[in-house]
Amino acid sequence: MPAADADEVWQAIALHTSPGIAERRGTLCVLVREGVGLDFGGPLGAHHIEAVTDEQADALHHAYPRLEMARSLTDAIVAQAAKDPRNAPRYSIPGEFLRERGDSAKPDRSTPAVRLGGAADVPPIHDPVSAERNSSR
């Protein structure tokens, strides 16, 4: 596959959870976003619910069973997020899943992740969870 095509697929996967952005990045991004929304259902997939009949959905799920897809996907995201603070920045889906799970393997956020304009390190944001964990070390 040419690198440009691979990059387009990467963008579609990376942007499918970004409303307003995916729709501006081309047909593939829109199709992936809408397809995932249709598959997961709920508000994200309500736009095209009539596109697949109940019989078609049953046939698709028989051929491609979900195998606890949402739980498996979330577990995989949390496991990856717990490995390294860079995998779970604040307010990202991995970071929020990890925070919601209350996993003891949360990345340590007491050290700022970025510098501002090359200036000295920014003081850490107060995070009671990290503070409690760090005080028990």
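These notebook entries record what I looked up in the structure.

**Entry: the model**

I note that this is a predicted model, in which local features need pLDDT of at least 70, side-chain atom pairs count only at pLDDT 80 or more, and totals for chains, interfaces and linings use all residues. Residues are numbered from 1 along each chain as its sequence is written, and side-chain values use heavy atoms, with hydrogens and water left out.

**Entry: overall make-up**

I looked up the secondary structure and found 7 helices and 0 strands. Helices (H or I, at least four residues) and strands (E, at least two) are DSSP runs, numbered from the N terminus. Read from the N terminus, the order of elements is α-α-α-α-α-α-α.

I then looked up burial. Of the 137 residues in the protein, 18% are buried; buried means under 20% relative accessible area, exposed over 50%, and partly exposed in between (1.4 Å probe, protein chains only).

**Entry: helix 1**

The 13 residues of helix 1 should span 18 Å, and its end C-alpha atoms are 18 Å apart, which agrees.

Which residues of helix 1 are buried? I found Gln11, Ala12 and Leu15. Seen down the axis, these buried residues fall within an arc of 100 degrees, so they line one face of helix 1; the arc is that of the directions from the helix axis to the C-beta atoms. The face turned away from the buried side carries the exposed residues Ala3, Trp10 and Ile13. The cover over the buried residues of helix 1 includes helix 2.

**Entry: helix 2**

I turned next to helix 2, which has 14 residues and reaches 20 Å from its first C-alpha to its last, close to the 20 Å expected at 1.5 Å a residue. Cys29, Arg33 and Gly37 are buried in helix 2. They fall within an arc of 60 degrees down the helix axis, so they line one face. I recall that an α-helix has 3.6 residues a turn, so residues three or four places apart point the same way. On the other side of helix 2, Thr27 and Leu31 are exposed.

**Entry: salt bridges**

How many salt bridges does a search of the whole structure find? I recorded 5, a salt bridge being a side-chain nitrogen of Lys or Arg within 4 Å of a carboxyl oxygen of Asp or Glu.

Glu23 pairs with Arg33, with the closest N and O atoms 2.9 Å apart. This pair links distant parts of the chain, 10 residues apart: Glu23 is in the loop between helix 1 (3–15) and helix 2 (27–40), and Arg33 is in helix 2. Glu23 is partly exposed at 37% relative accessibility, whereas Arg33 is buried at 9%.

Arg101 and Asp75 meet in a salt bridge at 2.8 Å, N to O. Arg101 lies in helix 6 (residues 93–101) and Asp75 in helix 5 (residues 69–83), so the pair ties together parts 26 residues apart in sequence. Arg101 is partly exposed at 43%, and Asp75 is partly exposed at 34%.

Arg86 forms a salt bridge with Asp84, the closest N and O atoms being 2.6 Å apart. Arg86 is exposed at 71% relative accessibility, whereas Asp84 is buried at 19%.

Notes. Expected span 1.5 Å × (residues − 1). Contact = heavy atoms within 4.5 Å.
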